[in-house]
Amino acid sequence: MNPSKVDRNKLNKLTDLPNIGKAMAADLQLLGVHTPEDLIKRDALQLYNDLCHVTSVKHDPCVLDVFMSVVGFMHGDPARPWWEYTAARKQLLSLLQ
């Protein structure tokens, strides 16, 4: 969903989250994430690595940006476009190299 349309009080399904459409919701479900609340105990980088493993595909790093946005949102961050997480993702990945 477009971050500007997200209502924190109406999070019934994954597509109610910022930056999550049908395809990304399906990817999250592959990882055992079925409700927005399921993201509270999850790590964005681990979700990304798990998705790459489960699908046997090296996904675009922007997928990690999306995961960072929704995990952050579920921890109280404002709903923001996924691309606002690109710099944080690049910094995170540089620390892991």
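Modeller: What follows is a walk around helix α1 and the residues on either side of it. The model is a predicted one, in which local features need pLDDT of at least 70 and side-chain atom pairs count only at pLDDT 80 or more, while totals for chains, interfaces and linings use all residues. Residues are numbered from 1 along each chain as its sequence is written, and side-chain values use heavy atoms, with hydrogens and water left out.

Helix α1 covers residues 22-30; helices here are DSSP runs (H or I, at least four residues), numbered from the N terminus. Its buried residues are Met24, Ala25, Asp27 and Leu28, where buried means under 20% relative accessible area, exposed over 50% and partly exposed in between, with a 1.4 Å probe and protein chains only. Seen down the axis of α1, these buried residues fall within an arc of 160°, so they line one face of the helix; the arc is that of the directions from the helix axis to the C-beta atoms. Lys22 and Ala23, on the other side of α1, are exposed. The cover over the buried residues includes α2 (44-55) and α3 (62-74), judged by contact, that is, heavy atoms within 4.5 Å.

In the segment before α1 lies asparagine 19, which counts as buried at 14% relative accessibility and has a positive phi near 70° although it is a residue other than glycine. Most residues other than glycine have a negative phi. Just after α1, glycine 32 takes a positive phi of about 85°.

Key:
Helix = DSSP H or I, 4+ residues; strand = E, 2+ residues; numbered from the N terminus.
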